[in-house]
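Hi everyone, thanks for making time. Please bring up the model on your screens, and I'll talk you through how the chain is put together.

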Amino acid sequence: MSLIKKAFFAVALTAASLPAWSADAYPSRDIRFIVPWNAGGSNDIAARALQQILAKDGFNIVVENAPGATGAIGLTKVANAPPDGYVIGMGTSSTLAQIAQKMTPLRNDQFTHIARVSTDPLILLVPASSPTQTLEQFLDYMKKNPGKVSIGTPGTNNLNHIFAEMTARVAGVPYVNVPYPGGSKVIADLSGKQIQAAVLKPSESRGQIEAGYVKPIAVFDNQRLKVMPDVPTFKEKGYDVFPYGPLVQMAYVVGPAGLPGPVRDKLIQAFETAILSPTFKSFSEQNGFLVDGLSGDALEKEVLAVQKTLDDVGTKVFKAK
């Protein structure tokens with residue numbers, strides 16, 4: 001065998017032994033981005049905004065909505081997907097709350113953490129024509145109608161549900177929690193006066209607020225929102241909705257555990273660039289959520305810290321009822 005043939009044979013053997021992600025330049029096909037909530041909700045809106053930005057960098061993202069079980073159904077699909085980078089998903093604090101209360105078999109070690117998409121404040125809203133136009137009026141109405149006032153939340157036993165519970169505790173009366181498979185369903189029924197209040201993100205209610213269908217009356221945070229400067233916080237009104245410690249509502253990108261290092265690194269770089277781009281920063285400001293460069297190992301550390309808080313807070317709120 002000639003030296004040229006021997007060299008060619010050696011190169012062929014080496015190429016054949018390389019992992020698929022190395023031989024096949026990643027990404028070489030569409031990437032499924034599973035959003036475990038209904039279309040039209042805040043996480044879906046953010047995913048589709050990122051989809052357009054990432055397309056310019058050669059990442060063809062296909063957003064797939066898989067609602068149910070407060071995010072657990074969609075994230076189970078991600079956890080069970082082959083670790084090749086072609087199935088990723090949107091994790092949220094809501095699913096962490098489900099894990100804390102052992103309402104899902106999912107575990108954080110089933111995922112590779114990519115990048116944080118948003119941290120979101122939550123707000124209390126009522127129909128625009130509601131007789132309760134302020135937080136004080138709403139709490140007074142709850143006191144006069146114990147166990148009858150309905151508050152809608154996307155999902156159950158999550159941060160939205162926790163804050164609905166804390167609102168009722170501030171009023172000192174029981175209430176009716178109405179869980180939905182996503183924020184878009186909540187805002188639709190609130191606009192239609194099917195429920196009396198809702199706990200939502202600004203991003204999933206901004207359109208209806210501007211159209212005059214619903215009205216925000218309080219922010220579950222320690223400071224007012226730039227996007228809603230006239231809406232007071234519970235704190236400034238003298239109400240503590242964080243009696244067990246601070247809570248963070250966030251959304252972040254994950255892949256299945258065991259992603260090859262080069263694939264993980266490419267995803268981190270691509271999402272970091274997209275999330276910190278002027279386009280997405282402008283989008284976040286318009287929709288009232290915050291963005292940062294948290295990714296990879298630092299994101300995983302933050303997720304575990306939030307999980308630890310929810311392990312404690314979720315138990316105190318729901319088991320103490």
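Let me start with contacts, meaning heavy atoms within 4.5 Å. Among contacts in this chain between residues at least 6 apart in sequence, 79% join residues at least 24 apart. Before going on, the ground rules: this is a predicted model, where local features need pLDDT of at least 70, side-chain atom pairs count only at pLDDT 80 or more, and totals for chains, interfaces and linings use all residues. Residues are numbered from 1 along each chain as its sequence is written, and side-chain values use heavy atoms, with hydrogens and water left out.

Now the overall picture. The C-alpha trace spans about 95 × 40 × 30 Å along its principal axes. The chain has 12 helices and 10 strands; these are DSSP runs, H or I of at least four residues for helices and E of at least two for strands, numbered from the N terminus. Of the 321 residues, 51% count as buried, that is, under 20% relative accessible area with a 1.4 Å probe and protein chains only, where exposed is over 50% and partly exposed lies in between.

Next, the sheet. Five strands form an open sheet in the order β2-β1-β3-β10-β4, with mixed pairing; two strands pair if DSSP finds at least two bridges between them.

Elsewhere, strands β6 (residues 150-154) and β7 (residues 176-180) run parallel, joined by 5 bridges. Here Thr-153 stands opposite Pro-179 in β7.

On to the rings. How many aromatic pairs does the structure hold? There are 9, taking rings of Phe, Tyr and Trp (its six-membered ring) with centres within 6.5 Å; planes under 30 degrees apart are stacked, over 60 edge-to-face, and the rest tilted. Tyr-26 and Tyr-86 have ring centres 5.2 Å apart and planes at 70°, so this pair is edge-to-face. Tyr-26 sits in the loop between α2 and β1 and Tyr-86 in the loop between α4 and β3, so the pair ties together parts 60 residues apart in sequence. Tyr-26 counts as buried at 5% relative accessibility, and Tyr-86 does at 9%.

Another edge-to-face pair is Phe-33 with Phe-271, at 5.9 Å centre to centre and 80° between the planes. Phe-33 is in β1 and Phe-271 in α10, 238 residues apart, and both are buried.

Let me finish back at Tyr-86. The charged end of Arg-29 sits over the Tyr-86 ring, 3.7 Å from its centre; that label requires NZ of Lys or CZ of Arg within 6 Å of the ring centre and within 35 degrees of the ring normal. Not counting residues up to four places away in sequence, Tyr-86 touches several residues, including Pro-27, Ser-28 and Asp-30. Thanks, and I'm happy to chat!
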